[in-house]
Amino acid sequence: MSATPQTLLAGQKAVIDNLLAVQGTFFDGFEKLVDLNLKATRAALEDAAQKSQEAAELKDGQELLAFTSSLVRPEQAVSYGKDVYEILARMQGDLSKLTESQLSQGQQQVADAVEQFARNAPTGSEGAVALLKSTLATATNAYESAAKAARQAASAAESNIAAATNATLKAASDVSKATKTSSRARRSAN
């Protein structure tokens with residue numbers, strides 16, 4: 001079993017391609033996070049300017065109470081967290097695909113090496129070759145089972161996070177509505 005220069009060059013090219021793909025995935029994710037943070041900062045500054053104008057126009061205690069209750073908006077924080085999670089989850093998914101592809105290529109190279117060894121093995125080594133092939137098949141099956149379990153766990157975690165986010169947004173919306181209703185009721189009572 002000998003390595004030809006073409007085989008070595010192909011291997012080096014594959015490693016470089018994989019490193020560039022990983023680098024591209026990280027850079028893309030970083031770019032999306034920076035963009036999200038810039039948009040969130042811009043929105044916060046615009047909101048602060050608007051709220052400052054509103055605060056300057058307050059006339060009495062009831063308006064102040066209504067104003068302060070309008071300042072608390074947890075749905076924005078939850079939405080931001082959800083956006084960050086989606087970006088990171090997408091990055092993780094892309095990196096997982098790259099890793100699975102790389103492992104698949106590695107498994108194929110090992111299988112090819114075992115096959116090459118089997119063709120060049122001396123007479124009487126059929127048992128050792130069969131053991132190698134069996135070991136390789138077992139390792140491949142174990143990896144595929146672990147990868148499938150990891151994908152299922154990630155999917156379940158994503159579903160749980162989505163459900164928790166939706167429940168939090170609904171609770172925040174309900175609290176906001178209740179606060180506004182209570183403020184209106186107090187204003188009409190006075």
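**Figure 1. Charged side chains across the predicted model.** The protein carries 20 positive and 21 negative side chains, and 6 Å separates the centres of the two sets. The model shown is a predicted one. Side chains of opposite charge can pair when their charged atoms come close. The structure holds 6 salt bridges, among them the pairs Lys32 with Asp28, Asp35 with Lys39 and Lys51 with Glu54.

**Figure 2. The overall fold and its dimensions.** The protein contains 4 helices and 0 strands, and the order of its elements from the N terminus is α-α-α-α. With a radius of gyration of 29 Å, well over the 16 Å that the globule rule gives for 190 residues, the protein is more spread out than a compact globule. Taken along the principal axes, the box filled by the C-alpha atoms is roughly 100 × 30 × 10 Å.

**Figure 3. Surface and contacts of the protein.** Of the 190 residues, 11% count as buried. Among contacts with a separation of 6 or more, 74% are between residues 24 or more positions apart.

**Figure 4. The salt bridge between Lys32 and Asp28.** The closest N and O atoms of Lys32 and Asp28 are 3.2 Å apart, and the two residues form a salt bridge. Both lie in helix H1, which covers residues 5–56, and their spacing of 4 residues is about one turn of the helix. Lys32 has a relative accessibility of 31% and counts as partly exposed. Asp28 is also partly exposed, with a relative accessibility of 31%.

**Figure 5. The salt bridge between Asp35 and Lys39.** The side chains of Asp35 and Lys39 meet in a salt bridge, at 3.3 Å from N to O. About one helical turn separates Asp35 from Lys39, because they are 4 residues apart in helix H1. The relative accessible area of Asp35 is 36%, so Asp35 is partly exposed.

**Figure 6. The salt bridge between Lys51 and Glu54.** In this pair, the side chains of Lys51 and Glu54 meet in a salt bridge with an N to O distance of 3.5 Å. Lys51 and Glu54 are 3 residues apart in helix H1 and are therefore separated by about one helical turn. Is Lys51 buried or exposed? Its relative accessibility is 13%, so Lys51 counts as buried, a value under the 20% cut-off. Glu54, at 27% relative accessibility, counts as partly exposed.

Terms used. Residues are numbered from 1 along each chain as its sequence is written. This is a predicted model: local features need pLDDT of at least 70, side-chain atom pairs count only at pLDDT 80 or more; totals for chains, interfaces and linings use all residues. Side-chain values use heavy atoms; hydrogens and water are left out. Helices (H or I, at least four residues) and strands (E, at least two) are DSSP runs, numbered from the N terminus. The radius of gyration is taken over C-alpha atoms; the globule rule is 2.2 Å times the number of residues to the power 0.38. Buried means under 20% relative accessible area, exposed over 50%, partly exposed in between (1.4 Å probe, protein chains only). Contact means heavy atoms within 4.5 Å. Lys and Arg count as positive and Asp and Glu as negative; His and the chain ends are not counted. The place of a charge is taken as NZ of Lys, CZ of Arg, CG of Asp or CD of Glu. A salt bridge is a side-chain nitrogen of Lys or Arg within 4 Å of a carboxyl oxygen of Asp or Glu.
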